[in-house]
Amino acid sequence: MDSTDRAPEPAAAGAESIRTPPGPALRGRVLAYHGYRLPEGRPRSRLEIPDGVVTVVIALAGGLRLTTDGPPQGASSFLSGLRTTATRGEHAGGLHGIEVTFSPLGAYRTFGIPMRHFTEAFTDLSDLLGHSAGFLVEQLRQTDSWTERFALLDGVFTTRADRGGAVSPEVREALSLLRADGRPEALTAISRQVGWSDRHLRACFGQQVGLAPKAVARVARLQRALRLQALGLDGAAVAASGGFHDQAHCIREFKAMTGLTPSQFAARRGGLRPGSPLDRVAGRVTSLLLPDTATD
């Protein structure tokens, strides 16, 4: 049965989903912690949509199969960087873990690695934290409550808070402006506003954000379009208010970034709004159930 034909099913018995903000020292860098436990024996598949944030997944039990353009790859604990195309995530049930959602600049400050290395990629947790990654996962497995696990992560990420050095004020300003106005014609004006050339801005975005300014704008337009669509606007209104040249441009971008047209996406979304249990970040659409699956 296609997910367009039915409402999302209730969470399975024994499932857990706990979301909380980080401690005060990490606010603005870490956006949220999400602890989850899914029962055995219920395969699930989701389309992970470009959302403009960096996610670290820490598996306490079970693993995922991730598919982009190439063959599926198995993953347990990893960082998912910024991307402009959707990813399919699949698992067979029995999944238990934590997702830590970072702002791009927060991830840069925490891991101290040029963010371009994470773009459109999955990076094993051991490549980020070295030998301490395995120790951290084991500590989290042996900790009894979500509150204690989140406090442990607060401590780990607070000690790493300045590994990447300072963020350029110009990058921070340009990133904010691009998210507020993702129109293609706005890019040159934003470069002028922060006082940098397009080339220098692209280089610094590669270091501190991961995606180039143009790609950041594309993701911002997609997310804006998804929110407008959820409000019930028709295709022409979504395109006009979302920063696209026209409706044809909106459809092309939707298809390129999600693999679905706007109407196909709306049908499979089934009325879910941003901030629903399918969303990792309040106000952003980050995932879509695929046919013959159940909600997390």
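1. Basis. Residues are numbered from 1 along each chain as its sequence is written, and side-chain values use heavy atoms, without hydrogens and water. In this predicted model, local features need pLDDT of at least 70 and side-chain atom pairs count only at pLDDT 80 or more, while totals for chains, interfaces and linings use all residues.

2. Cores. A nonpolar core is a set of buried Ala, Val, Leu, Ile, Met, Phe, Trp, Tyr and Cys residues joined through side-chain atoms within 4.5 Å; buried means under 20% relative accessible area (1.4 Å probe, protein chains only). The largest has 63 residues, and V100, F102, F111, L153 and F205 have the most contacts inside it. Helix α8 (residues 213-230) gives the most to this core, with eight residues. Another core lies apart from it, with nine residues, including V57 and F78.

3. Helix α10. Helices are DSSP runs (H or I, at least four residues), numbered from the N terminus. The buried residues of α10 are H249, C250, E253, F254, M257 and T258. They fall within an arc of 135° seen down the axis (taken from the directions from the helix axis to the C-beta atoms), so they line one face of the helix.

4. Ends of α10. At the N-terminal end, D246 caps the helix, with a side-chain oxygen 3.2 Å from the backbone nitrogen of A248. G259 follows α10 and has a positive phi, near 80°.

5. Cysteines. C204 is buried at 13% relative accessible area, and C250 is buried at 2%. The count of disulfides (pairs of cysteine sulfur atoms within 2.5 Å) is zero.

Terms used: Buried < 20%, exposed > 50% of the residue type's maximum accessible area, 1.4 Å probe, protein only. Helix = DSSP H or I, 4+ residues; strand = E, 2+ residues; numbered from the N terminus. Polar contact = N/O pair within 3.5 Å; in protein donor to acceptor, adjacent residues only side chain to side chain.
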